[in-house]
Structures are given as C-alpha cells and as structure tokens.
There are 2 protein chains.
Amino acid sequence: MTASTGARLTTAAALDAFAAWAIRSTADRELSLTTASTLATLDRGGPQRLSDLAVREGVTQPSMTALVTRLERDGLATRGDDPTDRRAVIVTLTDAGREVLVSRRTRRATRLAALLDRLGDEDRAVVEAAAGALSRLTLTDPSRGES
Amino acid sequence: MTASTGARLTTAAALDAFAAWAIRSTADRELSLTTASTLATLDRGGPQRLSDLAVREGVTQPSMTALVTRLERDGLATRGDDPTDRRAVIVTLTDAGREVLVSRRTRRATRLAALLDRLGDEDRAVVEAAAGALSRLTLTDPSRGES
DNA sequence: GTCGTCACATCGACCATCAATATAGTTAGG
DNA sequence: CCTAACTATATTGATGGTCGATGTGACGAC
C-alpha cells in the first residue's frame, strides 16, 4: 500500500457520499437511474440490440426486455427487426424519448445547481475546477452509464 | 440571469452525470440507497422516531414502516417504545447494522478509488481538492442523506 | 370527557429487478 | 439437408421498494 492509497480511499469515500446525496436530493420519480441511463445510451450509440443494451447497462436480459417494454409503452423507444438476424430486436430511441432525456437533464442540473449555491466561493471554485475531470472520468468509462 | 449561472448549470450537469455514473458503476445489491441512507442517519443521529426518519429520508411513513420491518427482520435495527409517547416507535441501529454500514462504505470506496485511478495526475489532483468541498456540501444539507 | 390530531400499521396497487426456464431462430458438423 | 448446439428474446415466479388510502390507538386542549 503506497502512501497515497489512503488519501485516495478518503477521496473516493467523500465522492461516493456526495454521489448518493446528489442522487437522493434531486430524486426524480419520472425515470429510474437504469431507465435514464438506457435512454442516454441509445441517444449516444443509436439503435442497438436489446441484449447489447442489457450488457451495457449491467442488467439481465429479462430486465432489459421489461424495461424496453415499458419504454415502448410510454412512447420513448421502439422495437424493430434486425434484417440480418431475425432473432434480434433493435431498440430505437424516439423523438419523445430524446425530449424526456433532455428535460430530465435540465431539471436535475437546475436542482443540483441550487444546492451548489450553498457552497462558499472558494469551495465552489474548486468544485467547478473538478467538474471537467469528473466528466472525463464518466466519459472514459468503457461501459459508460451517465444520466 | 447572471453571467455565472450558465457555468453553474454546466457544473451541476457534470456532477449529476458523475453521480449517476458513480452509483451505477459501484452498484451494490446488498442495500438500496434509501436503506443505506437510513442506516447512516441512525448511525449519526442515534435512535429516533420512525416518522422522523421518514421525513429525513424523504419517503412516506408507510415506506419507512416497511423499511424498518425489513431492517428488523435482517437484524440491522430494532423497534423500541418511547416512554414519553406510547404512539411512537423508536428505531435503534444494532451493532450488526453498524457493521454492515461500515463494510458497505469500505467496499464502495475501494471500488470507486479503483475507477479514480483512471484519471491523470492533474485531474486526480483537482478531484482530490474538491472532495472536501463536496463533503461539506453533503454534510451541511439540513435533510442530510449520505451513504 | 370529547374531539381533533398524531404516530404507526395495514392494505392494495404499482414498478423494477432477478434467476430460471421456455420459445423461436441461427449455424456448424456430418 | 438435418440435426444438435448455440443465441436472442420472452415468460414466469419471486423479492423488494414505493405510494395513497385507511384503520387503530394514544395524546392533548378545552
């Protein structure tokens, strides 16, 4: 264990506590975390197979089947055929799905921004400085996720 | 709208995306966010009323009743009487509950620390610098939450 | 004492998730 | 070609977590 390992664990613990707090403080009953993440994945990656989505989102295939069924029911995504493999189902984000995703992001960012206003100037400055780094961390994750 | 409002929204959006990513990347099926947060609240604040817990955690009283029932069943908390008000139920964290909470924190921090290792030295430095500020933000929330 | 309020439990209804299994389609070996 | 193994999705049955509505007993002001 190097000298910096302890410091990193402390940092990680603080970030984890912050993450849980942020999620709960801005709780949003419109879409679950997995639902929102799946929409975001479809938005970024375009139409894709149901089972690929399941792997990417870290849920089982039956869960993804149920999730896609709900998305379809709510008009946020559609099921389509894969012309090259008739077993497969291609899931596509609808315009309505994209809109829901955008409005959710805006809504949550607004709420969290209000909470960030509680910080003093100095603290806010270092947090703003770290936002880019955290964003890079999120985006470089091979399995992604995001909101 | 001041000049900095846009920047704060951008920061908030990045933090929100990070929070969702962190929670999902370190997903933990042992305890739900609400369950973990409730245990943490009991750890910090000591024994307290079921309905106070419900308010603090932002769930309805029936949800908290169900949650406390599960905690009791799993040996993580106990129900007790309030000698001054026989209507009330005082919820108390058990040693087992405290242990579960500690091990969960350690486990999650370890996982997140591994993810933080992906950052470059510079990014890691600014993130470590921001951890304290984010921690303060979490702790100054009147309604709290934490992990 | 009585009546309004409070604290908690219960009930019925969803949504979300999982593991296990069923069904339909594909592909490789013979 | 056929068939067996594999793959993609759907279905089933279980658990957990949440809610609103409602019930029950306790409290407190008058």
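**Talking through the model**

Modeller: Chain A has 6 helices and 3 strands. Here helices (H or I, at least four residues) and strands (E, at least two) are DSSP runs, numbered from the N terminus. It's a predicted model, so local features need pLDDT of at least 70 and side-chain atom pairs count only at pLDDT 80 or more, while totals for chains, interfaces and linings use all residues. Residues are numbered from 1 along each chain as its sequence is written, and chains are lettered from A and ligands numbered from 1 in the order in which they are written.

Biologist: What pattern does chain A follow along the sequence?

Modeller: The C-alpha trace of chain A spans about 55 × 40 × 20 Å along its principal axes. Read along the sequence, its elements run α-α-β-α-α-β-β-α-α.

Biologist: In what order do the strands of the open sheet in chain A lie?

Modeller: Strands pair if DSSP finds at least two bridges between them. S1 (48-49) and S2 are the edge strands, each pairing on one side only. S2(A) and S3(A) pair over 6 bridges. The pairing is antiparallel, and the order is S1-S3-S2.

Biologist: Which residue of S3(A) is the bridge partner of Arg79(A)?

Modeller: S2(A) and S3(A) pair in the antiparallel sense. Across from Arg79(A), the partner in S3(A) is Val91(A).

Biologist: Which element gives the most residues to the surface near DNA strand C?

Modeller: A residue is near a strand if its C-beta atom, placed from the backbone, lies within 6 Å of it. DNA strand C has 23 residues around it, and among those that come nearest are Thr34(A), Ser63(A) and Arg86(A). Elements giving two or more residues come from both chains, including helix H4 (61-73) in each. The top contributor, with 5 residues, is H4(A).

Biologist: And which element gives the largest share of the surface near DNA strand D?

Modeller: DNA strand D is surrounded by 22 residues, and Ser51(A), Pro62(A), Thr34(B), Ser63(B) and Arg86(B) are the closest. By class there are 8 nonpolar (Ala, Val, Leu, Ile, Met, Phe, Trp, Tyr, Cys and Pro), 6 charged (Asp, Glu, Lys and Arg) and 8 polar (the others, Gly among them). The largest share, 5 residues, is from H4(B).

Biologist: Why do the buried residues of H4(A) line one face, and within what arc do they fall?

Modeller: Met64(A), Leu67(A), Val68(A) and Leu71(A) are buried (20 or more other C-beta atoms within 10 Å of their own, all placed from the backbone; 12 or fewer is exposed, in between partly exposed). Seen down the axis of H4(A), the directions from the axis to the C-beta atoms of the buried residues stay close enough together that they line one face. On the other side, Pro62(A), Ala66(A), Thr69(A) and Arg73(A) are exposed.

Biologist: Which element gives the most to the side of chain A that touches chain B?

Modeller: Contact means C-beta atoms, placed from the backbone, within 7 Å. That takes 51 residues from chain A and 51 residues from chain B. The chain A side divides into 29 nonpolar, 11 polar and 11 charged residues. Giving the most, with 18 residues, is H1(A).

Definitions and conventions. Contact = placed C-beta atoms within 7 Å.
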